[in-house]
2 protein chains.
Amino acid sequence: MRKTDRAAAPGGNAMLVLALLSTGEMYGYQIIEELERRSERVFRLQEGTLYPLLHSLEKDGLVTARNAQAPSGRPRRYYRITAAGQRALEEKEREWRVYAGAVHAVLAGCTP
Amino acid sequence: MRKTDRAAAPGGNAMLVLALLSTGEMYGYQIIEELERRSERVFRLQEGTLYPLLHSLEKDGLVTARNAQAPSGRPRRYYRITAAGQRALEEKEREWRVYAGAVHAVLAGCTP
DNA sequence: CTATATACCTGGATTATCTAGGTATAGTAT
DNA sequence: ATACTATACCTAGATAATCCAGGTATATAG
């Protein structure tokens with residue numbers, strides 16, 4: 001994650017990636033571009049952040065992966081969210097809402 | 001930060017602490033309790049997180065500190081936000097709003 | 001035939017935060 | 001008196017997320 005120079009949330013990237021995958025199968029490079037598009041250029045995941053993250057999500061059973069050829073012939077690795085991944089996503093979203101709500105409460109109370 | 005078990009934002013703690021200090025002088029222990037109170041128990045800064053953070057804010061000129069005695073006699077270290085700290089706070093708040101807005105956009109677009 | 005975009009990957013550094021301690025005083029309970 | 005709890009500050013070392021800076025390879029455009 002770059003762009004806004006560290007306003008990010010750790011573990012937050014996992015939530016965003018899982019959210020994207022909940023709309024359907026995607027490969028790594030596509031995730032980077034989709035995230036950039038949907039966030040209107042706010043997020044731009046570094047490859048060095050995304051690929052290790054995908055590997056750890058896979059290791060934790062939150063996504064599965066399969067290799068395939070693009071129409072162009074280039075090899076791609078497609079990721080799909082699992083049922084456990086869906087549950088983890090819902091949990092992370094809940095936590096995010098609690099966290100963001102609390103940040104808002106503190107800021108609103110301090111700089112009204 | 002604990003409680004919601006990692007939904008946090010790095011550098012986000014600095015924003016929250018600066019926001020609290022923008023309401024007036026505070027000492028470390030008080031910051032922890034005020035933050036817990038204002039967030040309605042969502043945040044509970046670890047001492048091992050707060051004190052080093054305060055030292056780095058001081059080193060960066062965003063806060064100043066002075067030692068004083070509590071009415072009880074216990075020594076305390078009071079922190080006060082500087083003009084540079086105010087500017088940094090405003091900038092961090094701006095970044096936070098951009099980041100939180102983008103997260104919301106992605107989540108809303110994925111799980112409508 | 002070279003440059004660019006696509007597509008995947010890793011090692012090592014950086015940074016924030018956590019864990020788990022330590023010190024010391026004041027007030028409260030036994 | 002004495003122990004326990006709450007207050008109040010601090011630090012060293014570990015962990016984890018992310019960044020940085022590379023590397024590899026194929027397809028397409030110039």
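Predicted model: local features only at pLDDT ≥ 70, side-chain atom pairs only at ≥ 80, totals over all residues.
**Exercise 1.** Work out which residues line the largest pocket, and which elements give two or more of them.

*Solution.* Start with the space itself: the largest pocket has a volume of about 190 Å³. Next, collect the lining. Chain A brings in Trp96(A), Ala100(A), His104(A), Leu107(A), Ala108(A) and Thr111(A), while Glu93(B), Trp96(B), Arg97(B), Ala100(B) and His104(B) come from chain B. Finally, sort the lining by class, and you get six nonpolar, three polar and two charged residues.

**Exercise 2.** Classify the ring pair of Trp96(A) and Tyr99(B), then do likewise for Tyr99(A) and Trp96(B).

*Solution.* A search of the whole structure turns up nine aromatic pairs over all chains. Take Trp96(A) and Tyr99(B): 5.9 Å centre to centre and 75° between the planes, which is edge-to-face. Trp96(A) sits in helix H4 of chain A and Tyr99(B) in helix H4 of chain B, so this pair joins two chains. Then go to Tyr99(A) and Trp96(B): the centres are 6.0 Å apart with the planes at 75°, so that pair is edge-to-face. It joins two chains too, because Tyr99(A) lies in helix H4 of chain A and Trp96(B) in helix H4 of chain B.

**Exercise 3.** Decide whether Trp96(A) and Tyr99(B) are buried or exposed.

*Solution.* The cut-off for buried is under 20% relative accessible area. Trp96(A) comes in at 8%, so call it buried. Tyr99(B), at 1%, is buried as well.

Definitions and conventions: Residues numbered from 1 in each chain as written. Chains lettered and ligands numbered in written order. Heavy atoms only, no water. 1 Å grid on protein atoms, 1.4 Å probe; cavity = no way out; pocket = protein on both sides within 12 Å on 5 of 7 lines; lining within 4 Å. Points joined across faces, edges and corners; volume = space filled by probe spheres on them. Helix = DSSP H or I, 4+ residues; strand = E, 2+ residues; numbered from the N terminus. Nonpolar A, V, L, I, M, F, W, Y, C, P; charged D, E, K, R; others polar. Phe/Tyr/Trp six-rings, centres within 6.5 Å; stacked < 30°, edge-to-face > 60°. Buried < 20%, exposed > 50% of the residue type's maximum accessible area, 1.4 Å probe, protein only.
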